[in-house]
Amino acid sequence: MNNPQSELEYIKMQTRAFNKRHMLFVLLLIITAGLLIPESLIIPVKDATKSDWNHQSFWYAPWGKSGVHKGIDIFASKHTPLLSASKGLVLFTGDLNLGGKVVVILGPKWRVHYYAHLETISTSGFSLVSASDSIGTVGDSGNAKGKQAHLHYSITTLLPYFWRVDRTTQGWMKMFFLDPHEKLTEDSI
Ligand SMILES: [Zn+2]
């Protein structure tokens with residue numbers, strides 16, 4: 001005869017194992033769904049073209065306090081509308097020391113788009129945005145104060161791309177920081 005107590009324990013154990021497998025499956029499903037959302041990027045400053053940023057500025061070093069420039073600077077006059085480069089979910093808007101007024105948006109493929117040095121912010125946390133939606137204006141806030149107004153734009157991936165690591169300064173961080181120049185020139189029309 002089986003001991004009903006141990007049988008109950010057995011059922012509990014099986015349920016826990018099932019729940020764990022189930023959670024892992026749901027997690028993989030969510031990650032896959034995010035990867036499948038098409039990402040078509042637009043240049044995130046109204047009327048800007050490829051000639052409005054330095055094509056070599058990504059990973060430029062030495063660079064200020066961060067050591068390496070992990071994005072590109074798109075130059076435009078103050079108050080120029082800033083557009084979301086992709087569709088996504090606004091994760092954060094607010095003031096940071098270096099970035100000044102910033103907007104952070106989670107886009108397709110688990111990539112996070114970071115917009116810094118804004119003059120004004122016209123979106124808010126947990127809003128859903130489409131590509132080319134206005135999310136603020138270009139400015140010189142944060143450590144860009146007194147410099148020529150520009151948008152600092154960077155793209156990071158939450159899923160690490162290990163194969164992109166190289167021996168440049170802070171090169172290990174290249175598994176997270178993608179080159180916006182590369183992305184904007186391959187994706188924009
Ligand atoms: Zn910058």
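These legends describe close-up views of a predicted model. Local features need pLDDT of at least 70, side-chain atom pairs count only at pLDDT 80 or more, and totals for chains, interfaces and linings use all residues. Residue numbers start from 1 along each chain as its sequence is written.

**Figure 1. Overall layout of the protein.**
The protein has two helices and eleven strands. Helices (H or I, at least four residues) and strands (E, at least two) are DSSP runs, numbered from the N terminus. Their order along the sequence is α-β-β-β-β-β-β-β-β-β-β-β-α. The C-alpha trace spans about 85 × 40 × 35 Å along its principal axes. Domain 1 covers 1-36 and domain 2 covers 50-187, with bounds from an automatic or database domain assignment. Their C-alpha centres lie 40 Å apart.

**Figure 2. Helix α1, residues 4-36.**
The helix has 33 residues. From first C-alpha to last it reaches 47 Å, close to the 48 Å expected at 1.5 Å a residue. The expected span is 1.5 Å times one less than the number of residues. The number of buried residues in α1 is zero, so the helix lies largely in the open. A residue is buried if 20 or more other C-beta atoms lie within 10 Å of its own, exposed if 12 or fewer, and partly exposed in between; C-beta atoms are placed from the backbone. Across the protein, 31% of the 189 residues count as buried.

**Figure 3. The largest nonpolar core.**
This core holds 29 residues. A nonpolar core is a set of buried Ala, Val, Leu, Ile, Met, Phe, Trp, Tyr and Cys residues joined through C-beta atoms within 7 Å. Val45, Ile74, Leu82, Val103, Tyr115 and Leu151 touch the most other members. Strands that each supply at least two residues include β3 (72-75), β4 (81-83) and β10 (150-157). The largest share, five residues, comes from β7. Beyond its neighbours within four places in sequence, Ile74 is in contact with Val45, Ala48, Asp52, Trp53, His150, Leu151 and Tyr153. Contact requires C-beta atoms, placed from the backbone, within 7 Å.

**Figure 4. Strand β6 and its two partners.**
Seven of the eight residues of β6 are buried, so the strand is largely enclosed by the rest of the structure. Seven bridges join β6 to β5 (residues 88-96), and the two run antiparallel. Strands pair if DSSP finds at least two bridges between them. Thr93 stands opposite Val103 in β6. Three residues separate β5 and β6 in their hairpin. Six bridges join β6 to β7, again antiparallel. Here Leu106 has Val112 in β7 as its bridge partner. β6 and β7 also form a hairpin with three residues between them.

**Figure 5. Backbone details at Pro62, Lys109 and Ser132.**
Most residues other than glycine have a negative phi, and most peptide bonds are trans. The bond from Ala61 to Pro62 is cis, with omega near -5 degrees. Pro62 sits in strand β1 (residues 60-63). Lys109 has a positive phi, near 65 degrees, in the loop between β6 and β7. Lys109 counts as partly exposed, with 17 C-beta neighbours inside 10 Å. Ser132 has a positive phi of about 80 degrees, in the loop between β8 (128-129) and β9. Ser132 is partly exposed, with 16 other C-beta atoms within 10 Å.

Notes:
Contact = placed C-beta atoms within 7 Å.
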